[in-house]
Amino acid sequence: MISTSISSISGITNTVAVDVWTLPWDSVSGTRCTRCTPRSNFNLEKAPSPSIEKANSSFKDLPTPVEDLIYDGSEQKLINLGSTKDGSIQYKLEGGTFSSEAPKATDAGEYTIYYQIIGDNNHNNSETFSITVNIAKAISTYNAPIPFTYLTYTGETLDLIQAGSSNDGILYYSLDSTNPGDFSTELPTTSEAGIHNIYYFVKGDSNHLDSEPEYVTVNIAKIKPNFVAPTIKDNLIYDGTPQELINPGSSLDGTVLYSLDNINYSSEIPQGKEAGNYIVYYYILIAGCYAKFHCSSYKFRSWNVIQQEFQVHL
């Protein structure tokens with residue numbers, strides 16, 4: 001007689017259900033036959049396959065920033081490429097997409113380059129790294145302003161220069177001052193005679209440095225004023241009283257001042273009491289222009305007056 005029973009056999013890596021047959025039982029062998037069948041609700045599981053995990057990727061040479069980049073208006077490569085035996089290195093700028101090409105940029109500024117290894121079949125992708133590269137601003141170039149020549153005092157406001165120009169920024173100007181707060185984009189003007197320094201510099205754009213202040217010199221020539229010169233009074237004779245020594249002068253361009261010592265000046269007519277020779281000095285104070293007189297000869301002098309001296313006999 002053959003009987004059937006359920007049995008399970010454990011393997012090394014999994015548990016499987018099998019049918020097991022044995023020889024029939026008889027009086028000779030002392031065995032009996034039993035058939036083992038799988039349970040109806042038994043889930044067959046497969047043993048896991050053998051595997052080799054990917055290695056981590058590494059750099060042979062790291063990418064490095066290109067040194068001493070200066071804006072020149074062209075697109076410039078930002079890095080020297082790295083190398084690896086474990087795949088390929090890809091790069092990108094902020095907001096860009098990864099590529100095997102070296103990133104490039106044109107404008108001055110600081111750039112962050114991201115890079116990583118994309119592993120081959122045997123290597124994992126690396127984490128993402130970054131380096132910083134700078135393109136420095138270039139020195140500004142310009143055409144300097146041109147001073148006007150042969151300017152002469154008129155009492156009116158005069159233009160002093162022809163404007164300069166620059167493709168690298170905006171020119172700022174200042175009249176006779178290097179104070180940063182005195183510069184503006186307006187061209188300087190003045191009505192005052194004399195030598196004037198017009199300072200200027202370029203305020204660079206985003207790709208150019210500000211230039212250092214320079215200057216050009218402009219001269220507004222002084223003119224001989226319109227005036228009536230004082231004259232000597234004739235036939236002065238001592239009489240024991242102070243006497244005016246001159247007939248006063250006049251000027252539409254200023255005020256006539258007089259002195260007997262060339263130190264103390266006044267608009268009062270000089271007087272003398274004692275008999276003798278007197279030297280009367282006078283200045284014509286004017287705004288912005290001047291000349292010097294000495295014994296009816298004219299020449300320019302370096303202060304804002306006109307002077308003449310002559311002798312009076314009493």
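Predicted model: local features only at pLDDT ≥ 70, side-chain atom pairs only at ≥ 80, totals over all residues.
Two strands pair if DSSP finds at least two bridges between them. Strands here are DSSP runs (E, at least two residues), as helices are (H or I, at least four), and both are numbered from the N terminus. Residues are numbered from 1 along each chain as its sequence is written, and side-chain values use heavy atoms, with hydrogens and water left out.

**Exercise 1. Work out how strand 16 sits in its sheet.**

Step 1: start with the pairing. Strand 16 runs parallel to strand 22 (residues 214-221), with two bridges between them. In that pairing, L151 faces I220 of strand 22.

Step 2: zoom out. The open sheet has four strands, ordered 16-22-21-19, with mixed pairing. Strand 16 (151-152) and strand 19 (169-175) are the edges; each has a single partner strand, so one side of each is left without a neighbour in the sheet.

**Exercise 2. Trace the aromatic pair Y91 and Y115.**

Step 1: set the rule. Rings of Phe, Tyr and Trp (its six-membered ring) pair if their centres lie within 6.5 Å; planes under 30 degrees apart are stacked, over 60 edge-to-face, and the rest tilted. That rule gives nine aromatic pairs.

Step 2: apply it. Y91 and Y115 are 6.5 Å apart, centre to centre, with 40 degrees between the planes, which makes the pair tilted. Y91 is in strand 10 (residues 87-93) and Y115 in strand 12 (residues 109-119), so the pair ties together parts 24 residues apart in sequence.

Step 3: look around the rings. Both Y91 and Y115 are buried, and ring pairs join F59, Y91, Y115 and F129 into a cluster.

Step 4: follow the strands. Strand 12 pairs with strand 14 in the antiparallel sense over seven bridges, and G109 stands opposite I135 of strand 14. Strand 14 (residues 129-136) also runs parallel to strand 7 (residues 69-70), joined by two bridges; there, I70 has A136 as its bridge partner.

**Exercise 3. Identify the salt bridge and describe its two residues.**

Step 1: the criterion is a side-chain nitrogen of Lys or Arg within 4 Å of a carboxyl oxygen of Asp or Glu. The structure has one such bridge.

Step 2: its partners are K233 and E244, 3.5 Å from N to O. K233 lies in the loop between strand 24 (231-232) and strand 25 (243-244), while E244 is in strand 25, eleven residues away.

Step 3: K233 is partly exposed at 26% relative accessibility, and E244 is partly exposed at 32%.

Methods. Buried < 20%, exposed > 50% of the residue type's maximum accessible area, 1.4 Å probe, protein only.
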